[in-house]
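Please keep the structure in view while I speak.

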Amino acid sequence: MKITPLDIRQKRFETVMRGFARPEVSAYLELIAGEFEEVVKENIALKEELKRTQHKLEQHQERERTLQETMVTAQRISEDLKDAAKKEAEIVIADAEHQAEKIVHGAHQRLVQVVEDINELKRQRTQFESQVRSVVEAHRKLLETFAAPSFADRDYARVEDNVAFLTQKKATSND
């Protein structure tokens, strides 16, 4: 049986000669204590789950930062390779036309490889972003699940009807 704040507020104890019936009050208080103990345990479990989820998110964010730094480094290396290939081509052209053609051909092949490497890095980046989006979406759905209405929220009207019925029944039985 779930107890709502309304149940606690509307609870009426039977009076006896010197006040309320102590066993009834004690039993009701024990019931309330049990319910709140469950709520506290659930709250602690949810907080622990949130901490684990946040830790995982931080790990994924750190991986993302590392990959971004790697991609920036790869782009710098790519630019450096392009610059080196251009300088080398200029020097070779100055030495001899024949040698220049061979070096330009080699530089072109390297450029193709660099472009392929860049494309591969872009593909890896896209894949990583997709994975991170999936993780974020999973966490968002988990948060939405936690935000879903609880049992007390969904069954509030039914509980109110039960309390009203029991109150009327008790009132008619006392008359």
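UniProt, in an unreviewed entry, places the feature "coiled-coil region" at residues 36–77 and 111–138; its positions are in the numbering used here, feature names are shortened, and annotations may be inferred rather than shown by experiment. This is a predicted model, in which local features need pLDDT of at least 70 and side-chain atom pairs count only at pLDDT 80 or more, while totals for chains, interfaces and linings use all residues. Residues are numbered from 1 along each chain as its sequence is written, and side-chain values use heavy atoms, with hydrogens and water left out.

Over residues 111–138 the chain is 100% helix and 0% strand, with the end C-alpha atoms 40 Å apart. Helices here are DSSP runs (H or I, at least four residues), as are strands (E, at least two), and both are numbered from the N terminus. The protein chain has five helices and two strands, in the order α-β-β-α-α-α-α along the sequence.

Let me turn to H2. Its 74 residues should span 110 Å at 1.5 Å a residue, and the end C-alpha atoms are 109 Å apart, which agrees; the expected span is 1.5 Å times one less than the number of residues.

How much of the protein chain is buried? Buried residues make up 15% of its 175 residues, where buried means under 20% relative accessible area, exposed over 50%, and partly exposed in between (1.4 Å probe, protein chains only). Among the buried residues of H2 are Tyr28, Ile32, Met71 and Val92. Threonine 53, also in helix H2, counts as buried because its relative accessible area is 12%, and its side chain reaches the backbone oxygen of glutamate 49 at 2.9 Å.

Leucine 46, by contrast, is partly exposed, at 35% relative accessible area. Together with Leu50, Leu143 and Phe146, Leu46 forms a nonpolar patch on the surface, with about 360 Å² of accessible area in total, as given by the Shrake-Rupley method with a 1.4 Å probe, where for residues only the protein chains shown count as cover. Helix H2 (22–95) and helix H3 (97–147) each supply at least two residues of that nonpolar patch.

Finally, arginine 12 lies in the loop between helix H1 (5–10) and strand E1 (15–16), and counts as exposed because its relative accessibility is 57%. The C-alpha atoms of arginine 12 and valine 25, 13 residues apart along the chain, are separated by 9.5 Å.

Conventions:
Patches are made of residues with over 30% relative accessible area and no salt bridge: like charges are joined within 9 Å, nonpolar side chains (Val, Leu, Ile, Met, Phe, Trp, Tyr) within 5 Å. A salt bridge is a side-chain nitrogen of Lys or Arg within 4 Å of a carboxyl oxygen of Asp or Glu. A polar contact is a pair of N or O atoms within 3.5 Å; within protein, one must be able to donate a hydrogen and the other to accept it, and residues adjacent in sequence count only if both atoms are side-chain atoms.
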